[in-house]
Amino acid sequence: MVKNLVLLFFVCAGFQATAQQKCSMEKYASEELKASPVLKYQLDAIEAFISNRTAASNETQRVTPLSDIIKIPVVIHILYHTPDQNVAKEAIDIMMNALNRDFNKRNSDTVNIPTAFKPYAVAMGFEFKLATMDAWGVATTGIVRKYTPVHYWLSDDKVKFSSSYGDDAWDSKSYLNIWLCNLQDVLGYSTLPGMDAKKDGVVISFEDIKNARGTSPTVNDSRTVVHEVGHWFNLYHVWGDGYCGDDKVDDTPKQGTYTPGCPSGARMSCGNNSTGDMYMNFMDFTDDVCMNMFTRGQRKRARALFDLGGPRRSILFSKGLDISQVEAAPRPDFYPKWLNAQVYPNPATSFLNVYFEYDERWVGKKLEILDMNGKVVLNMIINAKNQKIDISGLNAGVYFISAKKDDEKLNGKFVKL
């Protein structure tokens, strides 16, 4: 059962200094299996396809040779709850540069690859670019910025849906979707090819990108996103998610388990005495400063997805990097910059409005109005996203508004004339 589960989903992170967990794969995978028993057969079919395509001795022998560089249109969904989480473009550029650096062997720390593994290290041949045209044919920056009333997210895919105050994926047949959010249980996670198209993509925690410097190597060098995009390309962990497991790649040695921290020298396991563990591979769990390579076998496996009939083939025909003749309309900045009750008019005489449009989950919760001494003078159940309150019976003075729901307290103040 566990062997089947590990094929379903990866929720993974590096071992950077953080309180967040590294993986919660088994729990999520079990739920996915219950929700969609047919998923196992879909993944098995993809695995058979990949095995067939990678059997050729080199890529040029395939029926449809691929370009040396495969371009991947990317859309970044930023789900921010507070203004400081609305990630600056410079941070996005650092992340994109890291993807293009590491997937094309431009990282300067390749000099640290052990001699035994140097012949296997290779550029993967992918170029990641922010989308210039959205799924509806409109010009875009490739970045969606969206206020969310949700304080934090878990690796349960709710961030991927507007209905749960996240943001819907753009057509995953044409784009790599990356969600940036306040992810609490892990640093990042990714789907595999063949999973639900509406969930397809990578989720990364703000925690992982906030300290990235954009130089190589550093303690945090945006390599969680490199690792997770590796999963999006159907790459498994180098230890095969089981003791001496199988990652489906011939040139990564058998390895006992994941590698924490930043080791040095040879580490032996599973009888790999001639080379030791390939713990510097991007698909291990070493610190960013110790990750530095993909292999030829991983390249073949990832690029086979784009061959004729492959599950990522449609990306080759995406219009996401085209130049649109339709300019995007300016979007009004109506999201609150902080979570105080939006009260109007203020001062007020007879009636007061409290605006909950940004988070309809307040409807049904209790609201209280208190005087300067903290005494409750009015209370009610919120029954509308724009709650109208009769304050005609209150004396003139300053009053406070208080309400609470599961993950948030709301406070406001108004003057009664």
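Author: This is a predicted model, and we can begin with one side chain and ask what surrounds it. Leaving aside neighbours within four places in sequence, Phe233 is in contact with Ile72, Phe103, Phe126 and Phe128, and also with Arg301, Ala302, Leu305 and Phe306.

Reader: Which residues have the most contacts inside the largest nonpolar core?

Author: A core is read as a connected set of buried nonpolar residues. Here the largest one has 45 residues, and those with the most contacts inside it are Ile72, Phe128, Ile178 and Phe233. Among the elements that give two or more residues to this core are helix 3 (39-54), helix 4 (89-102), strand 5 (176-181) and helix 6 (223-232), while strand 2 gives the most, with five residues. Apart from this core lies another, of 18 residues, which includes Leu352, Ile382, Ile401 and Ala403.

Reader: How should I read the packing of helix 4 and helix 6, and at what angle do they pack?

Author: One takes the angle between the axes together with their separation, and for this pair the angle is about 60 degrees, with the axes 9 Å apart. Because angles from 65 to 115 degrees count as roughly perpendicular, helix 4 and helix 6 are oblique to each other. Helix 4 passes helix 6 in a right-handed crossing, where Met95, Ala98, Leu99, Arg101 and Asp102 in helix 4 meet Arg223, Val225, Val226 and Val229 in helix 6.

Reader: What percentage of the residues in the protein chain is buried?

Author: Of the 417 residues in the protein chain, 53% are buried.

Note on methods: Residues numbered from 1 in each chain as written. Predicted model: local features only at pLDDT ≥ 70, side-chain atom pairs only at ≥ 80, totals over all residues. Heavy atoms only, no water. Buried < 20%, exposed > 50% of the residue type's maximum accessible area, 1.4 Å probe, protein only. Core = buried A, V, L, I, M, F, W, Y, C linked by side-chain atoms within 4.5 Å. Helix = DSSP H or I, 4+ residues; strand = E, 2+ residues; numbered from the N terminus. Contact = heavy atoms within 4.5 Å. Axes fitted to C-alpha atoms, helices over the stretch in contact; angles between N-to-C directions. Parallel < 35°, antiparallel > 145°, perpendicular 65-115°, else oblique. Left-handed = near helix turned anticlockwise from the far one by under 90°.
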